[in-house]
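Please read it with the structure open beside you.

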Amino acid sequence: MTTPYMTKVAIIGGTGLTRLGDLKQLRRDALQTPYGQPSADFITGEWAQKEVVFLARHGDPHRIPPHKINYRANIWGLKQLGVENIIAVAAVGGITAAMAPAHIAIPDQVIDYSYGRAHTFFEDDDSAVTHIDFTLPYSSKLRMQLLAAAAQAGIAVAQGGTYGCTQGPRLETIAEIKRMEQDGCDLVGMTGMPEAALAKELGLHYASVSVIANWAAGKSEGEITMEDIEQNLHTGMANAAELLKAFIAISPDFVSSDRANC
Ligand code: HPA
C-alpha cells in the first residue's frame, strides 16, 4: 500500500485570533531567521486530529502594528518548519454590499496599496532577477477546500472578492475607500501584503480567511468605533475557527496527528 503524500498546514492568526483555542501543543519553536525575528514563537500542535502550526501575526500578546510586522521572518520560519499550506486569518473592512460585518470572505484577488515594507526575498541576489507569477495570488486548491468546508459546516462565506491592502495603522478616509471601490476592491485590510506574495515566492500554498470587522469608511452612518469592531470580530472569529476546524478535518492531504506523534 502506498502512503498518501501529506503536507503540513499553518494558520496565521490576525487581530481577534492571537491564540488557537484547544490547540494541543506539541512543540514551541522560537526561530531566528536571516530576516530577523518572527512575530512570535511558532506553536505546533494537534487540532482537529491534524498537525497544525500556529503563528500570531501581531505577536502574543497582540503588540505589533501591521506596518511593523516582519512578514519575511514569519513566512521564512513557516517554510523552515516544513509548512506547505498557509491559511491566513485577517480582520478586514467591508467595502461592497456582500461584505457585511461579522461575515467571512475567501478573497481571490489582491491590490497592494502598502508601501515601505520589506516585500520580497529576491532583493539581495544580483545574479538572477526573479519575477514570480502572481496572476492568482491565492492558492486555488486551498480556496476550493475552504469553500467546501464552509458548505459542509453550514457557514456562509463570500466566495471571492478583491482584498485591498492599505498601509495603516490608521483606517481610511471616505475618499480613499471610494477610490478603492472604483479600483475593484471589495475588502480593505492592512496585513494581506506582502504576506501573500512572500508565501508565493517560497512556493507555499496560501489563502486568506478574511473576517469582516466593520463597514469601511463612508459605508455606514457615523465613524468606525473599536466597540463595533470588537463585537463583530467576536462573532466572525468564532465562525472562522469553526470553518478552519472543518477545513482541517476534511482535508485528506494534511499530516495527521498519528503521524505527527511518531
Ligand atoms: N480598514 C483597514 N483595515 C481594517 C479595517 C478597515 O476598515 N477593518 C479591519 N481592518
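1. How many positive and negative side chains does the protein chain have, and how far apart do the centres of the two sets lie? There are 21 positive and 29 negative side chains, with the two centres 4 Å apart; Lys and Arg count as positive and Asp and Glu as negative, while His and the chain ends are left out, and each charge is placed at NZ of Lys, CZ of Arg, CG of Asp or CD of Glu.

2. This is a predicted model, in which local features need pLDDT of at least 70 and side-chain atom pairs count only at pLDDT 80 or more, whereas totals for chains, interfaces and linings use all residues. Residues are numbered from 1 along each chain as its sequence is written, and side-chain values use heavy atoms, without hydrogens and water.

3. The protein chain holds six helices and eleven strands, taken as DSSP runs numbered from the N terminus (helices H or I, at least four residues; strands E, at least two). Among contacts (heavy atoms within 4.5 Å) between residues at least 6 apart in sequence, 82% join residues at least 24 apart.

4. Asn-85 belongs to strand S5, residues 83–94, and is buried, with a relative accessible area of 0%, where buried means under 20% (1.4 Å probe, protein chains only). Leaving aside residues up to four places away in sequence, Asn-85 touches several residues, including Lys-8, Lys-141, His-205 and Phe-254. The side chains of Asn-85 and Thr-7 are joined by a polar contact of 2.8 Å, that is, a pair of N or O atoms within 3.5 Å, one able to donate a hydrogen and the other to accept it, with residues adjacent in sequence counting only if both atoms are side-chain atoms.

Notes: Buried means under 20% relative accessible area, exposed over 50%, partly exposed in between (1.4 Å probe, protein chains only).
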